[in-house]
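I opened my notebook to get to know a new structure.

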Amino acid sequence: MDEKKNYTVTEAAKILNLTEYTIRKKIREGEIKAIRGKSDREGYRIPFNELVRYAQNNGRSENLVGFGFVGTFLGMGFTKILEEANNVRRKKNSASDYEKIKELSIESIKDEIEATQYYIQALEIDGDKMSKEDKKRVLEGKAKIKLLERQIKEIELKDVYGGI
């Protein structure tokens, strides 16, 4: 599941549960880094990693989970997600929040594994007629699945109460 790289002010407002006015204000004040469009009509574009950074630094990480972003945190590593979940647990003094984020993380990874398996199956339809590029993509997909499976095991092995 690849998230798009840049988001409009409207999309960012929905994701972070803020108003569009607040997002624009935070961009002007430098709290959120954005790319200005070529014209006023294009407006601002906010990179995904900037949304993640802002959400983490401002207690809005749970908003990202609600928008299906957990699968895209692979670049940051799931340890970061679990650290944030652990912070939420400490702040709210509730293990259930941590468990919910942990379960969503695992579920999201499993969805990505399934999507990758379908992608591999689609590439393998032609069998012997596969190009070298398609064979390479199949191998990359299988490697990705192994990585995702390992990350699930890592998440499951984390001690909820011992921290990360």
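Which residues are buried in α1? I began there, keeping in mind that this is a predicted model. I found that Val9, Ala12, Ala13, Ile15 and Leu16 are the buried ones in α1. Looking down the axis of α1, I saw these buried residues fall within an arc of 165°, so they line one face of the helix.

Next, I stepped just past the end of α1. There I noted Asn17, which takes a positive phi of about 60°.

Then I went back for a look at Ala12, which sits in helix α1, spanning residues 9-16. Its relative accessibility came out at 0%, so Ala12 counts as buried, given that the cut-off for buried is under 20%. What does Ala12 touch, leaving aside residues up to four places away in sequence? I listed Tyr7, Ile23, Ile46 and Leu51.

My last stop was Lys26, which belongs to helix α2, residues 20-28. Is Lys26 buried or exposed? I looked up its relative accessibility, which is 17%, so Lys26 counts as buried; the limit it has to stay under is 20%. For its contacts, I again left out residues up to four places away in sequence, and I wrote down Glu31, Ile32 and Tyr54.

Terms used:
Residues numbered from 1 in each chain as written. Predicted model: local features only at pLDDT ≥ 70, side-chain atom pairs only at ≥ 80, totals over all residues. Heavy atoms only, no water. Helix = DSSP H or I, 4+ residues; strand = E, 2+ residues; numbered from the N terminus. Buried < 20%, exposed > 50% of the residue type's maximum accessible area, 1.4 Å probe, protein only. Contact = heavy atoms within 4.5 Å. Arc of directions from axis to C-beta.
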